[in-house]
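Colleague: Thanks for making time for this one. Could you walk me through the model, one question at a time?

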Amino acid sequence: MLLTLKEKKFLIQMLTKQKYSFWSSKEEKQMAKELLEKFEQNIRNEKTNDMKQSRL
C-alpha cells in the first residue's frame, strides 16, 4: 500500500496528537512516537531520492 504525501502528513498530525494525548497509555505514546519517526524519515528519503532532470 502506497500513501500519498498528503496522507502521510495527515497521519503525522494524528500521531503527534496521540503522542501528547493525556488519555493515552505509555505504550500508545511510545508506538505513536516510533511511527512518527518512521513517517518523517520516509518523507525525508522521498525528497532525497527525487531525480531531477539535468540541464544538459
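Modeller: Let's start with helix H2, residues 26–49, whose 24 residues reach 35 Å from first C-alpha to last, close to the expected 34 Å. Expected span is 1.5 Å times one less than the number of residues, and helices are DSSP runs (H or I, at least four residues) numbered from the N terminus. This is a predicted model, where local features need pLDDT of at least 70, side-chain atom pairs need 80 or more, and totals for chains, interfaces and linings use all residues. Residues are numbered from 1 along each chain as its sequence is written, and side-chain values use heavy atoms, without hydrogens or water.

Colleague: Which helix is included in what covers the buried residues of H2?

Modeller: Buried means under 20% relative accessible area, exposed over 50%, partly exposed in between (1.4 Å probe, protein chains only). In H2 the buried residues are Ala32, Leu36, Phe39 and Ile43. Their cover includes helix H1 (5–19).

Colleague: Is Lys8 buried or exposed?

Modeller: Lys8 sits in helix H1. Its neighbours beyond four places in sequence, with heavy atoms within 4.5 Å, are Leu3, Phe39, Asn42, Ile43 and Glu46. With a relative accessible area of 7%, Lys8 is buried.

Colleague: With which residue does Lys8 form a salt bridge?

Modeller: A salt bridge needs a side-chain nitrogen of Lys or Arg within 4 Å of a carboxyl oxygen of Asp or Glu. For Lys8, the closest N and O atoms are 2.3 Å apart, and the partner is Glu46.

Note on methods
Helix = DSSP H or I, 4+ residues; strand = E, 2+ residues; numbered from the N terminus.
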